[in-house]
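I kept them in the order in which I went.

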Amino acid sequence: MQHWKQHIAQLGPFIALVIACAIFGATAPQFFSGENFSLILQQVMVVGVIAIGQTLIILTAGIDLSCGMVMALGNIVMTKFAVDLGLPVPLAILCGLLVTAAFGLLNGLLVTRIKLPPFIVTLGTTNIAFAITQLYSKAQTVTDVPASMTWLGGTFQLGGTNIAYGTVLMLLLYLGIWWWLRDTGAGRHVYAVGNNPEATRLVGIPTDRVLLGVYVMAGVFYGIASLLSVARTGVGDPNAGQTENLDAITAVVLGGTSLFGGRGVILGSLIGAVVVGVLRNGLTLLGVDSVYQVLVTGILVILAVTVDQLSRKGGR
Amino acid sequence: MRFAPAAIALAACSLLAAAAHAQNAPVIGLITKTDTNPFFVKMKEGAEAAAKAKGATLMSAAGKKDGDNAAQVAAIENMVAKGAKTILITPSDAKAIIPSIKKAQDKGVQVIALDSPTDPASAVDALFATNNYKAGELIGQYAKAAMGGKPAKIATLDLFPGHPVGAQRHNGFLAGYGLASNDAKNNELAKPAEVVCMADTHGNQAEGQTAMENCLQKNPDINLVYTINEPAAAGAYNALKKAGKDKNVVIVSVDGGCQGVRDVAAGKIAATSQQYPLKMAAMGVEAGIEYAKTGKKASGYVDTGVELIAAKPVAGVTSKDAATGTQLCWGK
C-alpha cells in the first residue's frame, strides 16, 4: 500500500508531462520537433539549475525564498566585474559564485546557529540580495559582456538539432546530484536530516553541519544558474530572477519532493521545471492567453501537494 | 534606562519640529511604479533637480514591482500626513489607486498623474504623459514603409493583459500600419489576421527572448516584430539572431532609453518611439510650486511629446537619427 502510493507521488510529474505533451502534440503541429524541445530546455535551464539547490533545501524540510534574487545578484556581480572592472572572465565568474555561496552560507548560519526558521531567514535575505543587486547595478542592464562568458548559450548540432551547451550542463548537474543523493553517505544524510532531525542527531550525524553544507551547495547552484542566465540573454540583468524565485519552488513541488522534507527524487524537479516550460511553449503555439498558463500551473501545484499529503497519511 | 523611550520620543519630536520649520518651501511628493526601471530612476532625478532649482522639497516613494498598488496607497497616505500639497504619481494600477487619490484630494492635495493615466483619466487633476497611442502609430507607420509592400507576418511582444499603456502602444502600432485595430480608449489588444503570434513579456528581456523563440516555433516566417519596450526588443533580437533570422526581420519598439537608442544605431532595432520622463517630472514640479504659490491647480492632459528615432529614414515618415536620440535619452 505504501509503495503503491509513493510511486504515484513520484510518477505523478512524469504522467503530467506526458499528458501535456500528448495534448500539445495533437493540437499544435509545430510542437513535436527536436528544435522545439531543445528550445524548451534552454528556456528552463536557469530555473532548472536553481531548482537543484532548492530541492536540496526542501529535502531538509527547509525552503529558500531567496534563490532567484541571489541568482540575480550573482548575474550582476559576474558581468560587472568582467565588464566594468575588466577582470578576466574565469575570475569574474568565480567572484559571482563566491557571492552566491556566501549568501547560502549566511542563510545556513542563521538557520543552524540562531535556529531561525528558513522561511523567515530567506524572506529577509531575498530582500537584501534584491536591494544589493539594484544598488550595485544602479538598476542598469550590463551590456558588452565578453563572448567567453556567454559560451554556455552557444549551440552544437546533434542529429540536425541545435543543442545549447547550457542545457547539457544542466542535465549533467542533475545526474551528478542524483547519484550523490542516492549513493553517498553525505547524500543520504540530507534525507535523514529532513526525515527526523532528532533521531539523526542521536545516531551521531552532525545535523547542523549537513544543513550548513546544503545551504552553501544551494548557493553554488544559484551561482551556476547566474552564469547560465548571462549566457542565455547575453547581458547582466538586474531584473533577472523575479519569476524564477517562485518558479523554482513550483518546479520542486511539481516534481514530487515533499515540503515536509525527507522525501523526493531530484530528477522530479527537472521534470517539474520542464512541465512549466512545456505549458508556456505549447500555449503560445496554440495562441492561448498567457494567464491560462498561470492557472494550469496553480492547479498542478495543488494536485502535487495533495498527492504528497495523501500518500504520506497512507504510508505512516 | 527607563527614561530612554521618553528621551527618544522627545528627540524625535524636536527633530520633526525642526524639519517642519525648514518646510516653508512647498512639499511635493513623487510616487513612481518602481525604483528599478531606469525610466523612473530618470524621472526621480529630474524631479529632484527641478525641486532643488526652484526651492521645493521633494519626497519620493515607489512600489516594489510594477503592479504594486498597496505600496503606492501607503505612499500617498504618508505624504499627505507629512504635509505634501501636490502628489505626482505614475499609477501602477489605473483603477485601484483611485479611492486613495480621492481621499488626498479631499484634503486639498493636488494629484497629477505622470506617464500613465488613471482609469478614468478624470480621477486626477491633470495628466502629463506620452501619447502612447501616437507612439505606437509612429512605429507602425515606419514599419509599413520599411516593409516596402511585403505582406507582413507580425509578432507582438506585449506587456501583460489589461494595462492601458500596453494596449495603447499595441493598438496604435497596428493602426499606424494601416491594419484593423482598436481606438485609443480601448484596453483590449486588437488581433487582425496579419498578427500571427501574441505573447506577454512584462517588459523583461529574458521573457522577451522566450516569447520570441516560442513565436518563431509557431510561425518561422515572422518578418515584423512589435515590442512593448526596448528590453523586450533586445530579447527578441537575441532569439532571432540565434535562429539566424536577425537580418530579415524588422523590430520596432517604444521608450527611447539610451541602451535602446544604441540598439537602434547598431541596427538591432529598426525604430523606436522616444518618450521624455525628465520633462514629465519637471512639469509636475512646476505645477506643484504654482499650486503652493497661487492655489491654482493644473488640469487636463498635457502631451509631453514623442519622437521617432530610426537609423535609416524612410520616405513619408519623419524621424530623428540615433545621434539626436542619444542627446535626449535616459538611463546609461
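Before anything else I wrote down what pairing means here: two strands pair if DSSP finds at least two bridges between them. I also noted that this is a predicted model.

**Entry: strands β6 and β7 of chain B**

I started with β6(B) and strand β7 (residues 195–200) of chain B, which pair in the parallel sense over 5 bridges. I looked up I154(B) and found V195(B) opposite it in β7(B).

Next I checked the cover of strand β6 (residues 154–158) of chain B, and 5 of its 5 residues are buried. I154(B), T156(B) and D158(B) point one way, while A155(B) and L157(B) point the other way. I recalled that side chains alternate between the two faces of the sheet in a regular strand.

**Entry: the six-stranded sheet of chain B**

I then traced an open sheet of 6 strands in chain B, and its order reads β2-β1-β3-β4-β5-β11. The pairing in this sheet is parallel. Which strands stand at the edges? They are β2 (57–63) and β11 (300–303) of chain B; each has a single partner strand, so one side of each is left without a neighbour in the sheet. I noted an average twist of 20 degrees from one strand to the next.

I went through some of the pairs in this sheet.

- Strand β1 (residues 27–34) and strand β3 (residues 86–89) of chain B are parallel and share 4 bridges; I28(B) has T86(B) as its bridge partner in β3(B).
- β4(B) and β5(B) run parallel and are joined by 3 bridges; L114(B) has F128(B) as its bridge partner in β5(B).
- β5(B) and β11(B) pair in the parallel sense, over 4 bridges; A129(B) has D303(B) as its bridge partner in β11(B).

I looked at strand β5 (residues 126–129) of chain B again for burial. A126(B) and F128(B) lie on one side, L127(B) and A129(B) on the other, and all are buried.

I also asked what lies across the strands. Helix α2 (residues 38–54) of chain B lies across β1, β2, β3 and β4 (110–114) of that chain. This helix runs at about 170 degrees to β1(B).

A cis peptide bond joins D119(B) and P120(B), with omega at about 5 degrees. I placed P120(B) in the loop between β4 and β5 of chain B.

D144(A) is not a glycine, but its phi is positive, near 55 degrees. This residue sits in the loop between α5 (118–137) and β1 (155–158) of chain A. Is D144(A) buried or exposed? D144(A) has 10 other C-beta atoms within 10 Å, so it is exposed; 12 or fewer is the cut-off for that class.

D255(B) also has a positive phi, near 150 degrees. I found D255(B) in strand β9 (residues 250–255) of chain B. With 31 other C-beta atoms within 10 Å, D255(B) is buried.

The axes of helix α2 (residues 34–59) and helix α11 (residues 266–285) of chain A come within 8 Å and cross at roughly 140 degrees. That makes α2(A) oblique to α11(A). The crossing is right-handed. Among the contact residues are I40(A), V44(A) and V47(A) of α2(A) and L270(A), A273(A) and V274(A) of α11(A).

The axes of α2(A) and helix α10 (residues 244–254) of chain A are 8 Å apart, at an angle of about 65 degrees. This crossing, too, is right-handed. The contact includes V47(A), I50(A) and I58(A) of α2(A) and A248(A), I249(A) and V252(A) of α10(A). Its classes are 9 nonpolar, 2 polar and 2 charged residues.

**Entry: where chain A touches chain B**

Last, I looked up the contact between the chains, which takes 23 residues from chain A and 23 residues from chain B. On the side of chain A, the elements that give two or more residues are α2, α9 (207–233) and α11. The residues on that side divide into 7 nonpolar, 14 polar and 2 charged.

Note on methods: Residues numbered from 1 in each chain as written. Chains lettered and ligands numbered in written order. Predicted model: local features only at pLDDT ≥ 70, side-chain atom pairs only at ≥ 80, totals over all residues. Axes fitted to C-alpha atoms, helices over the stretch in contact; angles between N-to-C directions. Parallel < 35°, antiparallel > 145°, perpendicular 65-115°, else oblique. Left-handed = near helix turned anticlockwise from the far one by under 90°. Contact = placed C-beta atoms within 7 Å. Nonpolar A, V, L, I, M, F, W, Y, C, P; charged D, E, K, R; others polar. Buried ≥ 20, exposed ≤ 12 C-beta atoms within 10 Å, placed from the backbone.
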